[in-house]
Amino acid sequence: MQNAQKPVNNGAFLKSLIKINNPDWTIEQIEAEFQRKMNAIESDDNGTCEACSG
């Protein structure tokens, strides 16, 4: 049986999506949007998440 490991990418995938959608944003703007999305996920009442749904 393999050990399950948590990915340690510090949100790189979500940050890359933000960068793709906003190519002229600075690193600081991307980080702020990432934090906003992560806070929205944590406070979401109905258990859905924009970044998690597929």
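Which helix holds both Lys-37 and Glu-33, and how many residues apart are they? Both residues lie in helix H2, 4 residues apart, which is about one turn of the helix. The legends below describe a predicted model, in which local features need pLDDT of at least 70 and side-chain atom pairs count only at pLDDT 80 or more, whereas totals for chains, interfaces and linings use all residues. Residues are numbered from 1 along each chain as its sequence is written, and side-chain values use heavy atoms, with hydrogens and water left out.

**View 1. The chain as a whole contains 2 helices and 0 strands.** Helices (H or I, at least four residues) and strands (E, at least two) are DSSP runs, numbered from the N terminus. Of the 54 residues in the chain, 17% count as buried; buried means under 20% relative accessible area, exposed over 50%, and partly exposed in between (1.4 Å probe, protein chains only). The chain has an accessible surface of about 4800 Å², and carbon and sulfur atoms account for 53% of this surface. Accessible areas come from the Shrake-Rupley method with a 1.4 Å probe, and for residues only the protein chains shown count as cover.

**View 2. A salt bridge joins the side chains of Lys-15 and Glu-31.** The N to O distance in this pair is 2.8 Å. A salt bridge is a side-chain nitrogen of Lys or Arg within 4 Å of a carboxyl oxygen of Asp or Glu, and the whole structure holds 3 salt bridges. Lys-15 belongs to helix H1 (residues 12-21) and Glu-31 to helix H2 (residues 27-43), so the pair ties together parts that are 16 residues apart in sequence. Lys-15 is partly exposed, at 22% relative accessibility, and Glu-31 is also partly exposed, at 30%.

**View 3. Lys-15 lies over the face of Phe-34.** The distance to the ring centre is 4.8 Å. A charge sits over a ring if NZ of Lys or CZ of Arg is within 6 Å of the ring centre and within 35 degrees of the ring normal.

**View 4. Within helix H2, Glu-33 forms salt bridges with Arg-36 and Lys-37.** In the pair of Arg-36 and Glu-33, the closest N and O atoms are 2.7 Å apart, and the two residues are separated by 3 residues, about one turn of the helix. In the pair of Lys-37 and Glu-33, the N to O distance is 3.8 Å. Salt bridges that share partners join Glu-33, Arg-36 and Lys-37 into one network. Glu-33 is buried, with a relative accessible area of 16%, and Lys-37 is buried at 17%, whereas Arg-36 is partly exposed at 47%.

**View 5. Lys-37 of helix H2 is shown together with Leu-14.** Their C-alpha atoms are separated by 9.1 Å, although the two residues are 23 residues apart along the chain.

**View 6. Phe-13, Leu-17 and Ile-20 form a nonpolar patch on the surface.** Together these residues have about 330 Å² of accessible area. Patches are made of residues with over 30% relative accessible area and no salt bridge; like charges are joined within 9 Å, and nonpolar side chains (Val, Leu, Ile, Met, Phe, Trp, Tyr) within 5 Å. Ile-20 lies in helix H1 and is exposed, with a relative accessible area of 62%.
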